[in-house]
Amino acid sequence: MHIYDTKTAPTPRRVRIFLAEKNIDIQYIQVDIVTGENLSSEMRVKNPIGKVPILELDDGTCIAESDAICTYFEAIQPNPSLLGESPLEKGLIAQWARQVEFGLFMQVGMCFQHSTGYFKDRMTPVPEFGKQAGINANKFLHLLDKRLADNAFITGDKFSIADITAFCAIDFARVVDIRISDTQQNLHRWYSEIKARPSSKA
Ligand SMILES: N[C@@H](CCC(=O)N[C@@H](CS)C(=O)NCC(=O)O)C(=O)O
């Protein structure tokens, strides 16, 4: 069993942190997305959309999509739970995980792709779209700061996949100069706590 990974990219990092939290050791195989190694026909057999991460099981079955990979490992090893235990907890974590993914993680990604032209060999950057995505990401940081005033973690009192996704997005956002502002003290407190967890090094 191994994971096709790209050490510098934010999406595969979500999976690495998730597995580090669960103390799951797995082999990572590096894929160079700059040269487009991920777009080869061999890789597209593993994931038709040509993106990483991809989990390849011993029988050759492949699971792509970071959330899907995390769901698989949560089922194999439920403790510590990062997707919730009770129906209510599962629902709330799913809500926040999705909102963080769409409202922050994707906005940072779109800002990066459309304002830097990093992948212009394979997509058409639209700088105005990139700029708007950056504005959306900043709005979401504001929302998170308010949320974290009364909650230790994004979904409440328990660390979850929503925290992992937000942390990876915020770390990556530096490349497009989006940062937690000085006034967002709740976010700063939360960020330093997540950064202090050993899994943040993954
Ligand atoms: N929704 C996918 C997104 C995967 C994704 O966008 N991966 C990026 C790295 S962060 C990638 O492979 N980019 C290479 C490319 O677009 O060619 C997931 O969660 O796994």
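A crossover is right-handed if, with the strands pointing away from the viewer, the path from the first strand over the helix to the second runs clockwise. The model treated here is predicted: local features need pLDDT of at least 70, side-chain atom pairs count only at pLDDT 80 or more, and totals for chains, interfaces and linings use all residues. Residues are numbered from 1 along each chain as its sequence is written.

**Exercise 1.** Determine which unit S1, H1 and S2 make.

Solution. Begin with the elements: helices (H or I, at least four residues) and strands (E, at least two) are DSSP runs, numbered from the N terminus. Next, consider the pairing, which requires at least two bridges found by DSSP between two strands. Strand S1 (residues 2-5) and strand S2 (residues 27-30) run parallel and are joined by four bridges. Among the partners in S2, Tyr28 belongs to Ile3, and Ile29 belongs to Tyr4. Together with H1, the strands S1 and S2 form a right-handed β-α-β unit.

**Exercise 2.** State how S1 and strand S3 run and how many bridges join them.

Solution. S3 covers residues 54-56 and runs antiparallel to S1, with three bridges between them. In S3, Ile3 has Leu55 as its bridge partner.

**Exercise 3.** Identify which helices each supply at least two residues of the shell around the ligand.
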